[in-house]
Amino acid sequence: MKKTDLPILVFHRRIVGAAFIVIVLSLAWSVTELIAPNVASLLPLPPLFIAVGLTALSGIILFVSVLKSYSPAAQTKTLSELVHELSQVENKSEIVINAIGDGVVALDNKGIVQLINPAAQSIIGWDKRDAVDLDFRSIFKLQTAKGEPLPEELSPVQRVLGGNPTITTDELTLLTNSGKKMNVSLLVSPLGQFGSGAIVVFRDITSQMSENQQKAEFVSTASHEMRTPVAAIEGYLGLALNPATAQVDDKARVYLTKAHESAQHLGRLFQDLLDVSKAEDGRLKSDLEVIELVGFLRETIATLTTRATDKGLLLVYKPDVSEDSQVAILPIYHIEADPDHLREVMTNLIDNAIKYTKSGSVTVDISGTTDTVKIAITDSGIGIAREDIPHLFQKFYRIDNSDTREIGGTGLGLYLCRRLVESMNGRIWVESEQGSGSTFFVELGRLSEEEVAKREHAKTPATETA
């Protein structure tokens with residue numbers, strides 16, 4: 001309540017009080033009229049009339065005061081203050097959006113452009129006056145990396161408008177208003193609740209992609225050229241360590257052994273660099289075959305058993321051993337994968353488990369559903385800190401602590417594993433706790449027995465009839 005309203009209310013209360021007193025006097029007048037009519041007739045007006053008049057006047061004053069508090073002028077002032085506040089918020093939001101260097105486009109639930117910031121206008125070549133109220137497909141023409149039209153069901157914008165969560169990709173190209181094609185990094189997020197629209201944030205990464213391509217070509221060429229002399233060094237050191245071809249004393253053998261191990265490590269680094277460059281420029285191809293996974297992994301593990309034994313570790317393959325250490329009934333899991341890529345992934349993961357486990361065991365297990373097969377490599381090693389897990393499959397990322405500094409590595413192995421698994425339409429992830437070991441999972445699609453039989457039948461050449 002405003003202070004200016006207080007005198008009106010005080011005056012109103014006084015009027016009501018006076019009216020109450022007059023009503024009492026009116027009742028007394030009525031009694032007097034019954035007892036002594038001559039005395040009552042001397043009063044000019046009955047007190048009741050006076051009370052009614054005073055009460056009516058009080059009501060009028062109260063009505064006027066209330067009307068005054070809700071007058072158009074007061075309402076206009078309040079509305080004006082609200083509009084001013086909203087205008088300030090809008091101006092601040094517009095300043096922030098316009099200052100963003102990335103393109104920003106806001107769409108309603110039907111995909112109609114509601115907002116486009118200056119950066120977006122500059123990138124795609126559409127003016128705000130022309131773009132707003134148009135369907136996003138008219139101004140935002142996405143294509144595949146090869147420049148082919150992007151099917152609507154694969155469009156990140158259409159998928160988010162259809163209810164998908166946030167989608168991020170840098171594998172698409174965008175056709176501008178002038179017909180120029182550019183590589184874009186794209187992030188599409190739902191706007192509020194489902195059905196409210198979407199926000200598209202994008203930027204031109206054409207020059208960045210070109211630089212990455214040049215780097216990849218340099219790395220590929222350099223790795224290929226240096227792999228040959230490194231292989232020669234490794235071969236000659238192997239001959240020097242072979243008693244059948246050379247005689248060296250024990251002290252020299254120690255030096256040569258270290259040199260041989262370093263040459264092998266360098267050779268693996270160059271091979272990883274070659275594989276990574278192939279994965280990034282699209283030259284990494286997967287030749288898919290039907291593989292019986294249990295037997296395939298048994299052969300891979302056999303090549304690493306000696307390495308685990310030399311380190312004093314127990315390498316366990318769960319499908320071959322039941323709880324009572326007797327031969328178990330082997331499950332049958334068929335998958336479609338590239339055998340060379342799958343072998344490289346499994347070798348890398350198991351080798352890492354052995355490398356980062358000081359004592360205890362490494363266990364490889366297989367489980368599956370009707371649609372998928374999951375391989376789990378569990379170790380009792382040093383584990384991984386929670387903050388390192390999201391970056392573990394990035395290129396050149398290595399965990400830096402006192403336990404890992406003594407262990408060699410390139411930072412490319414897990415990145416390459418991820419790219420190889422993805423090329424086989426699978427996924428890879430890790431669950432770990434520092435000091436409590438780690439479990440790496442690889443999940444691939446499973447083939448039914450009917451599908452396996454069909455593929456085997458398709459490979460069998462038809463018999464010729466005479």
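Reply: Gly125 counts as partly exposed, because its relative accessibility is 41% and that class lies between buried (under 20% relative accessible area) and exposed (over 50%), using a 1.4 Å probe and protein chains only. Before we go on, this is a predicted model, where local features need pLDDT of at least 70, side-chain atom pairs count only at pLDDT 80 or more, and totals for chains, interfaces and linings use all residues. Residues are numbered from 1 along each chain as its sequence is written, and side-chain values use heavy atoms, leaving out hydrogens and water.

Gly125 sits in the loop between α5 (118-124) and α6 (128-131); helices here are DSSP runs of H or I with at least four residues, strands are runs of E with at least two, and both are numbered from the N terminus. Leaving aside residues up to four places away in sequence, Gly125 touches Ala120 and Asn177, a contact being heavy atoms within 4.5 Å. Asn177 is 52 residues from Gly125 along the chain, yet their C-alpha atoms are separated by 5.2 Å.

Now step along to Asp127, whose side chain meets that of Arg129 in a salt bridge (3.0 Å, N to O). The term means a side-chain nitrogen of Lys or Arg within 4 Å of a carboxyl oxygen of Asp or Glu. Side chains of opposite charge can pair when their charged atoms come close. Asp127 is partly exposed, at 30% relative accessible area, while Arg129 is exposed, at 75%.

That pair leads us to the others, as the count by this rule comes to 7 salt bridges. One of them joins the side chains of Arg307 and Asp351 (2.6 Å, N to O). Arg307 belongs to helix α12 (residues 305-310) and Asp351 to helix α13 (residues 339-355), so this pair ties together parts 44 residues apart in sequence. Arg307 itself is partly exposed, with a relative accessible area of 38%.

Another salt bridge brings together Glu443 and Arg427 (2.9 Å, N to O). It links distant parts of the chain, with Glu443 in strand β13 and Arg427 in strand β12, 16 residues apart. Shared partners also join Asp135, Arg137 and Glu152 into one salt-bridge network.

Those two strands, β12 (residues 427-432) and β13 (residues 438-447), pair in the antiparallel sense over 6 bridges, where pairing requires at least two DSSP bridges. Val430 has Phe440 as its bridge partner in β13. Their hairpin has 5 residues between the strands, and Gly435 takes a positive phi near 85° there.
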